[in-house]
Amino acid sequence: MALLLLILSLIFFLASLHQPGSCGVLRTPPVPPAAWPEQFTAEFVIRVGIYGPEWNSTGVVYYDWTNKTFRADFINWCIPLFDSGPTKYNNYTCSFIATGGSMYFVNHTSKVWAEQQCCLFEKGLGALPPDWMKSGNYNGTDHLRGFLCDLWWFPGTSDPQNPCYGYWDARDKVHTPVRFFGITSVGPALLDYYTFDIGPPASRLTLPNSGCFKQCEPPSQTHRKRRGKQEKLRLPHFPSCD
């Protein structure tokens, strides 16, 4: 983010969900790491390990490096942000927008974009550059959903079969994104990409309103302050990769 960044970097995966095919056969990349196009829209399905193999939700990524902007929408399920547990606040649509070098959170509470609730999620966390894969290590090939893919894993672990982050892109002319693997606030998760449209993003990448510049707080923050308790933001827990 795939958090995503967090994706998310602010971003997801259990071994039962991660089944590499012929990984490890090739260790030297046949070509240099591919760069993302400067503009694209991609739809994905997200699976989170602790929710079981039958659970999934959907989302969309909008990317525009010409404005150094990135937006990830999570539809009818939002990555839990707070310590009160993974199910209390997450059955709604939300967005994470990286713009101006910082990451913002948008709660889709209105049909009108300018009226959405939003806040500053992480100052200094901007959009990934198109050549972000150059920091990865090549880990062979894999077959996923009919694609022959190159698999990349990222520094932080000495075991290529258990990376902190993994990325699969197809061996086609545009290096279609196929899968992202990472750690979210609720543990390992997978993003499987199902569409990839190159060109100007299909949705607006601007912040809804000036309220977005205030720091994010839990929905129950005011109530908990009265009781002398304060809920903390639930940030991704990264495994030890020593």
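**Close-up views of the cysteines**

**View 1. The cysteine C149 is buried, with a relative accessible area of 0%.** Here, buried means under 20% relative accessible area, exposed over 50%, and partly exposed in between, with a 1.4 Å probe and protein chains only. The model is predicted, so that local features need pLDDT of at least 70 and side-chain atom pairs count only at pLDDT 80 or more, whereas totals for chains, interfaces and linings use all residues. Residues are numbered from 1 along each chain as its sequence is written, and side-chain values use heavy atoms, with hydrogens and water left out.

**View 2. C78 and C94 are joined by a disulfide, with an S to S distance of 2.1 Å.** A disulfide is counted when a pair of cysteine sulfur atoms lies within 2.5 Å, and the whole structure holds 3 disulfides. This pair links distant parts of the chain, 16 residues apart, since C78 sits in the loop between β5 (69-75) and β6 (94-99) while C94 belongs to strand β6. Strands (E, at least two residues) and helices (H or I, at least four) are DSSP runs, numbered from the N terminus. The torsion about the S-S bond of C78 and C94 is about 90°, so this disulfide is right-handed.

**View 3. The sulfur atoms of C118 and C212 are 1.9 Å apart and form a disulfide.** With -90° about the S-S bond, the link of C118 and C212 is left-handed. C118 lies in strand β8 (residues 117-122) and C212 in the loop between β13 (187-198) and α1 (221-226), so the pair ties together parts that are 94 residues apart in sequence.
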